[in-house]
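Have a look at the fold first, and then we can go through it together.

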Amino acid sequence: MNWEDLKIFLEVAKSETLTGASKRLGVDSSTVSRRLHKLESVLGTQLFTRENQGHKLTQHGSQLLQTALEMEQKTQSAIELLQGKNLQQFGDIRLGTTDAFGNYFIASQLTEFMASHSQINIELLPLQRSVKLAHHEADIAITIDKPTSESLVVAKLCDYRLKLYASESYLARHSEIKSLASLTEHEMIGYVDDLIFSRQLCYLEQFLPQIKPRFKSSSVIAQATAVESGMGMAILPCFLANKKQGLVEVLPDALDIVRQFWIAAPRDKMELLRVKTLWHYLQVKTDQSISQLID
């Protein structure tokens, strides 16, 4: 089996498209497709099902992926160690976060780190789903669910608060909101049910089960923008809502939700000094700015 073919398999598995894999590899899509078929022929099994949405791993493909990822990671770690790069403060770090936290908190907190570590490059991935550390999608992940894999180093990063918000213009057009029960008479905004990637995001189901939102989005940033426009109300993280113009807390004493962010990284990544440095910086910076997250 040709290792180069295995690299192509890895990129297709990660991006789930020939186009995405070809861009990362710097070759055309037809070459990626041809090499993939060659690998399947050598192994005597189908690794992907070809669908309109992209390439999905078969059972055998999933088995090969785990082995290939381990091979890739061990190779990269060995090279870093042998070249002494694990003790050097330069190179790339990919940081995966949730959508709003990455855009409205983390991005603004990295200025000092970038200024004091001029040879470290950061790739920030604000995602509307969980970061796939098992697929080596990032070096460090910030998640709302506590990772349980023993292959990861995990720590609590911080608490953050969510409340119900509406715009001043929306409240001016509607009668006074005196209780949670009265919210059934108002327009609510929430997540698309089948695209919620964590039970931690099921706020309406848990706290306002009688509410059926008319506008839904998989992005909390889009939800906040809709609230800002006066469309309706939504449960939003305070660190996001406080950055929007004219948003007002609704029934703050009756609806006050606290959730957690967790920081995680593969154990071998934590052996790299640059990754460990960013990890500790994020912990300190978050602790210093905690009022933005819980007030």
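## The chain as a whole

Of the contacts in the protein chain with a separation of 6 or more, 75% are between residues 24 or more positions apart; contact here means heavy atoms within 4.5 Å. This is a predicted model, in which local features need pLDDT of at least 70 and side-chain atom pairs count only at pLDDT 80 or more, while totals for chains, interfaces and linings use all residues. Residues are numbered from 1 along each chain as its sequence is written, and side-chain values use heavy atoms, with hydrogens and water left out.

The protein chain has 12 helices and 11 strands. These are DSSP runs numbered from the N terminus, with helices being H or I of at least four residues and strands E of at least two. The C-alpha trace spans about 70 × 45 × 30 Å along its principal axes. Of the 295 residues, 46% are buried, where buried means under 20% relative accessible area, exposed over 50% and partly exposed in between, with a 1.4 Å probe and protein chains only.

## The largest pocket

Rolling a probe the size of a water molecule over the atoms shows where empty space is left. The search runs on a 1 Å grid over the protein atoms alone: a cavity is a set of points where a 1.4 Å probe fits but cannot get out, a pocket is an open set with protein on both sides within 12 Å along at least five of seven lines, and lining residues have an atom within 4 Å of a point. Grid points are joined across faces, edges and corners, and a volume is the space filled by probe spheres set on the points.

The largest pocket has a volume of about 860 Å³. Two or more lining residues come from each of α1 (3-15), β2 (54-57), α4, β3 (91-98) and β4 (120-127), and α4 gives the largest share, 5 residues. Of the 32 residues in the lining, K14, R24, R94, H136 and E137 lie nearest the centre. By class, this lining has 8 nonpolar, 7 polar and 17 charged residues; Ala, Val, Leu, Ile, Met, Phe, Trp, Tyr, Cys and Pro count as nonpolar, Asp, Glu, Lys and Arg as charged, and the others, Gly among them, as polar.

## The second largest pocket

The second largest pocket holds about 450 Å³ of space. Its lining has 18 residues, with L133, A134, H136, S151 and L152 nearest the centre. Here too α4 supplies the largest share, 5 residues. The lining divides into 7 nonpolar, 7 polar and 4 charged residues.

## The enclosed cavity

How many cavities of 30 Å³ or more does the structure hold? There is 1, and about 180 Å³ of space lies in the largest cavity. Its lining counts 20 residues, and T98, A100, Y191, L201 and V220 are nearest its centre. At least two lining residues come from each of α5 (99-109), β6 (152-167) and β9 (234-237), with α5 giving the most, 3 residues. The classes are 15 nonpolar, 4 polar and 1 charged.

E72 is found in helix α4 (residues 59-82). E72 counts as buried because its relative accessibility is 13%. Beyond neighbours within four places in sequence, E72 is in contact with W3, L10, K14 and H136.

Q109 lies in helix α5 and is buried, with a relative accessible area of 8%. Leaving out residues up to four places away in sequence, Q109 touches Y281, K285, S289 and Q292.
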